[in-house]
Amino acid sequence: MTNKKLNIYERIELLLDKGSFVEMDKYVKHRCTNFGMENKRVAGDGVVCGYGKIDGRIVFVYGFDFSVLGGSLSAANAKKIAKVQDMALKNGAPIIGLNDSGGARIQEGVESLTGFAEIFRRNVMSSGVIPQISAIMGPCAGGSCYSPALTDFILMVNEESQMFVTGPNVVKQVTNEDCDKETLGGAMVHASESGVCHLVSDNDEDCIMTIRELVGFLPSNNMEDAPVHPATDDVLRSCHELDQVVPANPNLPYDIKNIIEPICDQQYFFEIQPDFAKNIVVGFGRMAGRTVGFVANQPNYLAGAIDIDASDKAARFIQFCDCFNIPLVAIEDVPGFLPGIKQEHMGIIRHGAKIVYAFAEATVPKITLITRKAYGGAYIVMNSKQIGADINLAYPSAEIAVMGAKGAVSILYRKETPEQQQTRIKEYEEQFANPYCAAELGYIDDIIDPADTRKAIIKALEACRNKSLSNPPKKHGNAPM
């Protein structure tokens, strides 16, 4: 890998299968005559559009050439992008945008702004119909940020790409805050703080190869299934290492990815947004050769409690998987929603409702595995049986209750002495710190040995492969925002 910044044709050549790219509208030029622009007419007008293949599958692509007027958007090159967006939608193929743009072309005034509006509208119409992927490969300002924000996945290049609505100079003028481009909207800022960026790469080549890998997990459109890969990994493979992952002490942390990775084909998990809201883990894996979307609490971070950012991260991923017929596997170890004044005042109720909405609305096969704690409202929202899960599994170590034993006893027996309460805690744990009460009620379909996790989930997914479920007819729901 090299740290060299590639030009737009090098980027497209690397992205697509060799020799497959067909360029469209390469002779288009702008028609602006303001500010001497009649002397700055370049064929293509700073945007390259066309189509080609990734692993033999058709995709449509457009990319900005920053060397032409700073990659600014004109009315002419906006029409080019809109055309390729329309073709992608009509033909049911993914669209990939390689963004390296300073925003609207100032010399054209409102015409360039209307060009952004045309692109945004097509982003919205394509949402949930074809996968839309945006790579930020340089500084992107103003309107150049909002089209990517409307797409499904955003990738950025560390220390090379930035996104911000207004640049550092404007920020200084308006708020008197001093910052540089990287501090204001660099890749790691958006990957870890804002949650705008899904994946960060070290250089252009790494970014583009990551796009190719991501596309491999996805169907071409919402009427198809994701590509099925040859199932070379034994579907009945036991994972004995999982016997030691969940600590006997319920208060000790562990890495939930130590459960996800072993059960995936070739033990490979493609994580999405790894640096944002680390208390929940989302991403793609394959099981028996088929793409699966994982949503899992992370006990290693905030004990796996769900907060505002985790809610947003999980809900958006769940919705994407449901849009594109990707089965969901929820792996649950959650003590509850994160408490605190800041969380309440910033709207944890509103944000937490997003996970409920996303899981309840999803009609794809939904499997849940409870590894340890499943307390209160967090148990409900993490794909419980009543929310609509198809098959619910649990380890013998699972604890399904309204709350932990200590908290419950402090409410139920608050007038008793500390010694008496200790006895009550043991009684409560014996009664509720196991999955058998829920299993007796049919809320848990089976209690499995950790070593059998892979084959149990694959069998559950196979049982639900032909699931057919439709939600009530409606224009669209009114999801919490």
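Analyst: Start with a helix pair. The axes of α1 (residues 8–15) and α8 approach within 9 Å, crossing at roughly 40°. Helices here are DSSP runs of H or I with at least four residues, strands are runs of E with at least two, and both are numbered from the N terminus. Axes are lines fitted to C-alpha atoms, for helices over the stretch in contact; angles are between N-to-C directions and run from 0 to 180 degrees.

The model is predicted: local features need pLDDT of at least 70 and side-chain atom pairs count only at pLDDT 80 or more, while totals for chains, interfaces and linings use all residues. Numbering runs from 1 along each chain as its sequence is written, and side-chain values use heavy atoms, with hydrogens and water left out.

The crossing of α1 past α8 is right-handed. From α1, R11, L14 and L15 take part. They meet D204, E205, I208, M209, I211 and R212 of α8. Contact means heavy atoms within 4.5 Å. By class, this α1–α8 contact holds five nonpolar residues, four charged and no polar. Nonpolar covers Ala, Val, Leu, Ile, Met, Phe, Trp, Tyr, Cys and Pro; charged covers Asp, Glu, Lys and Arg; the others, Gly among them, are polar.

Next, the sheet. It is open and has seven strands, ordered β1-β2-β3-β4-β5-β7-β9, with mixed pairing. Two strands pair if DSSP finds at least two bridges between them. At the edges stand β1 (22–24) and β9 (199–201); each has a single partner strand, so one side of each lacks a neighbour in the sheet. From one strand to the next, the twist averages 20°. Helix α8 (residues 204–217) packs on this sheet. It touches β2, β3 (57–64), β4 (95–99), β5 (132–136), β7 (153–157) and β9. The direction of α8 makes about 160° with that of β7.

Now follow β2 (residues 47–54). It pairs with β1 in the antiparallel sense over three bridges. E23 faces G50 of β2. On to β3: β2 and β3 run antiparallel and are joined by eight bridges. V47 is opposite F64 in β3. The two strands make a hairpin with two residues between them. In that turn, D55 has a positive phi of about 50°. Six of the eight residues of β2 are buried, so the strand is largely enclosed by the rest of the structure. Buried means under 20% relative accessible area, exposed over 50%, and partly exposed in between (1.4 Å probe, protein chains only).

E159 sits in the loop between β7 and β8 (162–164). It is exposed, at 63% relative accessible area.

A288 also has a positive phi, about 55°, without being a glycine. Its loop lies between β11 (280–287) and β12 (290–297). A288 is buried, at 14% relative accessibility.

R454 belongs to helix α17 (residues 453–463). It is buried, with 0% relative accessible area.

How values were computed: A crossing is left-handed if the near helix is turned anticlockwise from the far one by less than a right angle, and right-handed if clockwise.
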